[in-house]
Structure formats: structure tokens, C-alpha cells
Amino acid sequence: MATAELDLPLDDTPASRFLAWLIGGLVFLAVLACAVALLAQGALDRLSERPRIVTVALPAVDDPAVGEAELARVRAALEDMSGVAWTAVVSEEELDKLIEPWFGVVAPEARAELPLPRLLDVRFQPGVVPDLTALARKVRAIVPNALIDETGPARGALEEAAQRLRWLGGGAGLLVLAVLVVVVVVVTRASLDLHDETVDLLRLLGAPDRYVARQFELHAMASALRGGSVGFAAALATVVGLVHLPTLWGLRLVPVVPRPLDWILLAMVPVLAALLITLAARFAAVHGLARLR
Amino acid sequence: MSTGSGMAVDGDRSGATILQLHGVGMRYGSADEVLRDIDLTINAGTFHYLVGPSGAGKTSLLRLMSLSVAPSRGRIVLFGRDVAMVERDELGRLRRRIGVVFQDFRLLEHLSAFDNVALPLRIGGADEEQISSYVSQMLAWLGLAERMEAKPAELSMGQRQLVTVARAVVTRPALLLADEPTSNVEPARVERLMFLFGELHKLGTAVVLATHSRELLRRWAFPVLHLDRGRLIRPVPAGRAAAE
């Protein structure tokens with residue numbers, strides 16, 4: 001007999017009726033934005049987990065014995081540094097490949113005539129960010145003209161791009177949630193004005209403000225659950241589609257896949273949205289009702 | 001009950017004071033006052049008709065008494081509280097002790113007859129079992145057992161009026177204000193409604209019933225409050241009021 005129908009016919013107005021759709025669309029955008037932020041964070045984490053390699057170039061010396069001794073001292077000093085996994089001298093074959101673009105294929109006897117530097121790869125443990133200044137100071141204490149260079153020049157740019165994407169995605173997600181709050185406040189205030197006679201009746205029957213506000217809150221929450229779940233499902237399908245589907249055709253549009261924690265965090269977005277929507281509706285209704293006596 | 005003249009009238013059982021109006025005036029916007037210098041005391045367990053020609057201010061007086069509008073001057077004391085001084089939440093509690101039968105029904109069109117009647121009980125926080133029992137009994141007693149799930153638009157005018165009455169009395173209010181509650185109801189049901197109001201009155205509810213019906217005044221004799229051009233004139237016995 002008794003129904004859980006709201007006392008206020010809030011589904012009867014266009015603004016309220018479309019609230020669920022609006023929420024769905026905005027939750028879709030918020031989830032996508034957060035997915036971008038989380039994928040960017042994932043990329044950053046993966047980059048930071050990759051061991052970093054620094055190349056030390058020691059200038060050529062006339063006396064091979066002196067060169068060998070310098071190399072041994074530099075290697076010993078570097079291997080003493082914290083975070084260094086190992087050091088390796090770049091082989092002559094690799095050196096040949098490096099100079100090939102400038103000198104072509106160089107015969108072994110000709111190479112001896114070239115003042116080629118001795119190259120030393122220094123590999124750091126995963127997650128360690130090399131302190132290039134300290135490293136250079138240490139090397140140059142032994143070989144003053146030594147050059148230090150971090151291998152993979154694109155890495156810095158990659159990191160920077162991922163960081164930007166992370167902030168952009170996070171910021172866009174927050175912005176969409178803020179828009180959601182504003183939309184709910186505006187719709188609630190409009191509904192309150194539209195249903196002023198019914199609100200007046202409820203208050204005449206003794207309904208306190210919190211009872212009337214609860215009507216708006218419940219309606220907003222129901223719209224959030226309906227619209228939010230649709231928006232979330234659509235966003236999830238989009239993320240899965242972008243990340244996994246291209247691999248079926250051998251493509252890789254997104255270089256990282258969401259981690260289990262990312263899925264959990266994404267699932268929190270509609271929950272957070274529903275919470276914000278409910279609070280925003282309550283806030284708008286309570287403030288709107290305060291104008292009435 | 002007593003008016004500004006200080007006269008005691010029939011039907012005054014001198015119960016606790018429910019409502020007092022002191023020098024009350026009321027106007028809509030910047031128009032002339034529709035009510036002037038109203039002094040009135042309503043005690044528990046009293047029954048009064050409110051009569052007067054159209055435009056005399058009956059509905060306005062009932063709206064004032066139900067705290068639907070504020071007076072432009074004067075003071076209203078309801079259940080011992082000056083309503084101008086009470087907090088918002090307290091105002092709700094005071095209103096919950098008043099039952100109002102609106103002349104224009106004011107039913108919620110999207111709710112069934114049952115849910116319309118259940119509204120004040122839900123607002124008061126009654127549990128659903130209690131609501132189901134009270135509302136079903138009330139509607140059945142008023143002859144609407146078969147129409148509980150009907151929406152107001154599916155009901156006749158008389159049935160709507162009965163639903164409005166049921167909503168007003170289902171909480172057994174301390175003060176019942178009824179604006180022409182029998183105007184659309186068929187004669188057989190008028191008897192039943194008046195019996196209901198009489199029973200509430202016997203249980204201690206103060207009843208103020210605005211009417212144009214001489215039939216009511218003649219058949220159920222209670223004191224009459226006469227409004228004329230916004231002024232409350234001294235009470236007259238029901239028999240004489242009917243004759244007038």
C-alpha cells in the first residue's frame with residue numbers, strides 16, 4: 001500500500017527529468033579524465049621503475065696503460081656510489097657502431113689513429129634517480145675533462161608529457177565534478193521555485209526544512225545512481241576499447257594499461273559524484289528553503 | 001472561546017488555551033486590511049462555526065490561524081508560543097498539531113488518495129505499519145476503501161474533499177481548521193463528516209469550521225464566529241445565525 005514515492009513530483013519537470021542524463025554525461029567525462037590521469041601516473045611509475053643509464057666519456061689518452069688505470073679508478077669510484085647497480089665499458093664493436101654514421105666502417109688499424117673517448121655505461125638500480133652533479137664531481141676528481149650524459153634523451157620529454165597529462169586529466173576530472181555540483185544546485189533551485197506551492201503545503205502540514213530538503217536529496221541521489229552508473233559503464237567501455245581493442249589488430253594506441261588499483265579508483269568516481277550531488281542538492285534545498293518562512 | 005468583547009459563549013469547555021489572536025490585522029501586499037483588530041481565544045475542546053458573507057475574510061482568518069500567512073500587525077499565540085518568536089523547526093512542530101481542510105483541497109496530484117492522507121503522518125515520523133492502519137481505517141470509514149489507490153484526478157469532487165478531510169484529521173490534531181468542508185459532499189456523507197468533527201471535538205480537538213451552510217448551523221448547533229468586512233463581531237448562538 002504505502003509507496004516510497006516522493007511527496008514532491010520532481011520527475012515531472014524537464015530540468016529534473018534530464019538531471020539523470022546530465023549526470024550520466026558528466027560522470028562519463030569525469031571518469032575518462034581520471035582514466036587519463038591514472039594512465040599517465042602509470043606511465044610515470046613505469047618510467048621511474050626502469051633502471052637509468054648514464055654514460056661517462058673519458059677523453060682519449062696517448063698511453064693505453066694510463067687510460068686503463070683511469071678507467072679502473074673511475075669504475076671503482078662509481079661502483080662505490082649508492083644506487084649504482086653496475087658499470088660496463090662500452091665494447092669496441094659498439095663504439096664502431098656509434099661512430100659509423102660519421103666515419104663509415106672504420107678498420108681496426110685506422111681506429112687506433114682516432115682519438116676516441118673511452119665510454120663507460122653506469123646503470124642505476126630501478127627507481128633510483130641519478131644525481132648527475134655528484135656523479136660528475138666524483139668522475140672529474142679523477143679525469144677532469146670527463147663528459148657525463150644520461151642515455152635516452154627522450155626520457156625527460158616523456159616524463160614531462162606524462163606529468164602534464166596527469167595534471168590535465170586530474171584537473172579536468174575535478175572541473176567536471178565542479179560543473180556537476182553547479183548543475184545540481186541550479187536544477188534544485190529551479191525545482192524549488194517550480195514546486196513552491198507543494199513545498200508550501202508540506203510546510204503547512206508541519207514538514208521541517210530537513211524533510212523537504214530530503215525530497216530533493218533523494219531525487220538527486222536516485223538521478224546520480226541512474227545517470228552515474230550509465231555514465232560510468234560507458235566510460236569504462238571507452239577506456240577498455242581504447243586500451244585493449246587496438247591490440248587485436250596489433251596496434252598499441254595507449255602505451256600503458258590500467259592497473260587493478262586504477263580500476264578501483266575509477267569506480268570511486270561515480271561514487272564520489274553521487275556523494276557530491278546529494279550534498280549539493282541538500283545544500284541548495286536548505287538554502288532555498290531558508291528564504292521562506 | 002472569548003472574543004475581544006470578553007464574552008463567553010456556548011461550546012467553551014474552558015480547556016487549555018490553544019490559540020490567541022491579539023489585535024491582529026492582515027493585508028495582502030499594499031492593499032487595505034482584509035482583517036482588522038481581531039481578538040480571539042480558542043480553547044481546547046471547543047467547536048465554532050466561522051460565518052460571514054463572501055469576502056468577509058473567513059479564509060484569510062483560517063490562513064492566519066493555520067500559520068499559512070503572517071499578520072501585518074498584532075500577535076498570534078499558538079499552544080502558548082508567540083509564533084513571531086519561534087524558531088523554524090518549532091514552527092513545524094506547532095503546525096503538525098493543526099489539521100487544515102483547504103477549500104481548494106490542495107491534494108498532491110501525483111500521489112494516491114492513501115499517500116495524500118498518509119502525508120502528515122509521514123512528516124510526523126510515524127512508522128509505515130501505523131500509517132497503513134490509520135489511513136486505511138480513516139479512508140474506509142469515509143467510504144473510500146475502494147478508492148485508496150486512486151489519484152486525485154480520478155476522484156469526484158466530493159471524494160477529493162473527503163480525502164482532504166481525512167488528511168486533516170488523521171493525526172488527531174489539537175486544532176482543526178476547516179474551510180467549507182462539506183460544500184462538495186453529498187448529504188449522506190455530510191452527516192458522517194459532522195459526526196467525525198463532533199467526535200474529535202469531544203476528544204478535545206478545538207474545531208473552527210467556516211461555512212455558508214444554514215443547514216449545518218441549524219442541525220448541529222455550535223457557537224458562531226461572525227466575520228463582517230474583516231471584523232469579528234460578537235458571537236451569536238447557532239440557531240439565530242442560521243435564521244439570519
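## Overall make-up of chain B

Chain B contains eight helices and 11 strands, where helices (H or I, at least four residues) and strands (E, at least two) are DSSP runs numbered from the N terminus. The model is a predicted one, in which local features need pLDDT of at least 70 and side-chain atom pairs count only at pLDDT 80 or more, while totals for chains, interfaces and linings use all residues. Residues are numbered from 1 along each chain as its sequence is written, chains are lettered from A and ligands numbered from 1 in the order in which they are written, and side-chain values use heavy atoms, with hydrogens and water left out.

Of the 244 residues in chain B, 55% are buried; here buried means under 20% relative accessible area, exposed over 50%, and partly exposed in between, with a 1.4 Å probe and protein chains only. Among contacts in chain B (heavy atoms within 4.5 Å) between residues at least 6 apart in sequence, 72% join residues at least 24 apart.

## Helix α4 of chain B

Helix α4 of chain B covers residues 128-141, and its 14 residues should span 20 Å at 1.5 Å a residue, which agrees with the 20 Å between its end C-alpha atoms; the expected span is 1.5 Å times one less than the number of residues. The buried residues of α4(B) are B:Ile131, B:Val135, B:Met138 and B:Leu139. Seen down the axis of α4(B), the buried residues fall within an arc of 95°, so they line one face of the helix, the arc being that of the directions from the helix axis to the C-beta atoms.

The cover over these buried residues includes α3 (113-123) and α5 (157-169) of chain B, whereas B:Glu129 and B:Gln137, on the other side of α4(B), are exposed. Just after α4(B), B:Gly143 takes a positive phi of about 80°.

Two loop residues of chain B can be described in turn. B:Phe79, in the loop between β5 (73-78) and β6 (81-82) of chain B, has a phi near 50°, a positive value in a residue other than glycine, and B:Phe79 counts as buried because its relative accessibility is 14%. B:Arg106, in the loop between β7 (98-101) and α3 of chain B, likewise has a positive phi near 50°, but B:Arg106 counts as partly exposed, at 22% relative accessibility.

## Packing of α2 and α10 in chain A

In chain A, helix α2 (residues 19-49) and helix α10 (residues 260-289) pack at an angle of about 145° with their axes 10 Å apart; axes are lines fitted to C-alpha atoms, for helices over the stretch in contact, and angles run from 0 to 180 degrees between N-to-C directions. The contact is made by residues including A:Ile23, A:Val27 and A:Leu38 of α2(A) and A:Asp262, A:Val269 and A:Ile277 of α10(A). By class, this contact has 13 nonpolar, no polar and one charged residues, with Ala, Val, Leu, Ile, Met, Phe, Trp, Tyr, Cys and Pro counted as nonpolar, Asp, Glu, Lys and Arg as charged, and the others, Gly among them, as polar.

A:Cys34 belongs to helix α2 of chain A and is buried, with a relative accessible area of 19%. Leaving aside neighbours within four places in sequence, A:Cys34 is in contact with A:Gly169, A:Gly173, A:Leu266 and A:Val269. The C-alpha atoms of A:Cys34 and A:Gly170 are separated by 5.6 Å, although these residues are 136 residues apart along the chain.
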